[in-house]
Amino acid sequence: MNQKLITVWKTIRPWIIMIALFMMLRYTGVLSGISFVTGSLLLKTGAMNASMDAPLVAKSFDYNFKVKDLNGTVIDFKTFKGKTLFLNVWATWCGPCRVEMPSIQKLYDKINSDEIVFIMLAVDDRKSFDKVVTYVKEKEFTFPVYVPHEFLPDQLMVKTIPTTFVVNPQGKIATQETGTANYDTDEFRTFLEGLALQSKEKKSP
C-alpha cells in the first residue's frame, strides 16, 4: 500500500508543483520574468482560463474619466454607458500583459456584437504614447487601444497589471480578473454575449 502511495505521489507531484507555480506567477506578476513562449504555453494548459466569478458585491463602475485613442482623439468614457465592456489595463513593458494579449485578440475576432465594447487601456508613461502605437502596429492587434487622458478613477489605479474588468450594461462590474489569463474560451465568449443579450432584451419593446 505504501509503495502504491509513493508511486501515485511521484506521478502527481510534478503536476502539483506546476499548478502551484502557475498560481504564483499569475497573482504575483513574476510571469514578467518568463519568456513570451513559456507564458503562452502556460495559457494553453487551460489552468489559467479567465474566470467569470461575480464579485461578492456588485460595484458600480466609475465612468467619470476620458481616454484617448491611438489617433489622438479624446473620448468621454460616458459614451460607453449601456454597453457590455471588456476593459483590460495593460502596458507595453508588462510581460504578463504581452502573454495574454493574443488570446484577447482571438476573443475580439470572434465577438460579433455592437453591444460589446473592447477597451485595451495602456497605462504606459504619458511620454510613451508613440511606443504604444508602434507596439500595437508591430503586433498587428486590431482591438481598440486607448491611453488615459489626464487621470483615471481610483478603481482603475490597480496595483497589478494586467487587470481586466467586465462591466455589464447596467454599469456594474460583472467580474474582475487580476493577472494573466486566457480569454479565448467558448465559456468566456458566451459569458460576454449573454450580458449583451440581456441588454438587447431590455431595450426591446
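This is a predicted model: local features need pLDDT of at least 70, side-chain atom pairs count only at pLDDT 80 or more; totals for chains, interfaces and linings use all residues.
Trainee: What makes up the protein chain in terms of helices and strands?

Mentor: The protein chain contains five helices and seven strands. Their order along the sequence is α-α-β-β-β-α-β-α-β-β-β-α.

Trainee: How much of the protein chain is buried?

Mentor: Of the 205 residues in the protein chain, 44% are buried. A residue is given that label when its relative accessible area is under 20%. The accessible surface of the protein chain is about 11500 Å², and 56% of that surface belongs to carbon and sulfur atoms.

Trainee: What share of the contacts joins residues at least 24 apart in sequence?

Mentor: The share is 74%, counted among contacts between residues at least 6 apart in sequence.

Trainee: Why is Glu-140 called exposed?

Mentor: The cut-off for exposed is over 50% relative accessible area. Glu-140 has 64% relative accessibility, so Glu-140 counts as exposed. Glu-140 sits in the loop between α4 (129-139) and β5.

Trainee: Why does Glu-150 count as exposed?

Mentor: The same cut-off of over 50% applies. Glu-150 comes to 54% relative accessibility, and therefore counts as exposed. Glu-150 belongs to the loop between β5 and β6.

Trainee: What is the phi of Glu-140, and what is the phi of Glu-150?

Mentor: Phi is near 60° for Glu-140, which is a positive value in a residue other than glycine. For Glu-150, also a residue other than glycine, phi is positive and near 75°. Most residues other than glycine have a negative phi.

Trainee: Is the peptide bond from Ile-161 to Pro-162 cis or trans?

Mentor: That peptide bond is cis, with omega near 5°. Most peptide bonds are trans. Pro-162 lies in the loop between β5 (145-149) and β6 (163-167).

Trainee: How do you know that Cys-94 and Cys-97 are joined by a disulfide?

Mentor: A pair of cysteine sulfur atoms counts as a disulfide when the two are within 2.5 Å. The S to S distance between Cys-94 and Cys-97 is 2.3 Å, which meets that limit. The structure holds one disulfide. Cys-94 and Cys-97 are both buried.

Trainee: Why is the disulfide of Cys-94 and Cys-97 called right-handed?

Mentor: The torsion about its S-S bond is about 80°, so the disulfide is right-handed.

Trainee: What is the volume of the largest pocket, and how many residues line the largest pocket?

Mentor: The volume is about 260 Å³. The lining has 16 residues, and Asp-124, Asp-125, Arg-126, Val-147 and Pro-148 lie nearest the centre of the pocket. Two elements, α4 and β5, each give two or more residues to this lining. The largest share, three residues, comes from β5.

Trainee: What classes of residue are in the lining of the largest pocket?

Mentor: Nine are nonpolar, two are polar and five are charged. Asp counts as charged and Pro as nonpolar.

Trainee: How far apart are Asp-125 and Pro-148 in sequence and in space?

Mentor: Asp-125 and Pro-148 are 23 residues apart in sequence, and their C-alpha to C-alpha distance is 10.0 Å. Both are among the residues that lie nearest the centre of the largest pocket.

How values were computed:
Residues are numbered from 1 along each chain as its sequence is written. Side-chain values use heavy atoms; hydrogens and water are left out. Helices (H or I, at least four residues) and strands (E, at least two) are DSSP runs, numbered from the N terminus. Buried means under 20% relative accessible area, exposed over 50%, partly exposed in between (1.4 Å probe, protein chains only). Contact means heavy atoms within 4.5 Å. Accessible areas come from the Shrake-Rupley method with a 1.4 Å probe; for residues, only the protein chains shown count as cover. On a 1 Å grid over the protein atoms alone, a cavity is a set of points where a 1.4 Å probe fits but cannot get out, and a pocket is an open set with protein on both sides within 12 Å along at least five of seven lines; lining residues have an atom within 4 Å of a point. Grid points are joined across faces, edges and corners, and a volume is the space filled by probe spheres set on the points.
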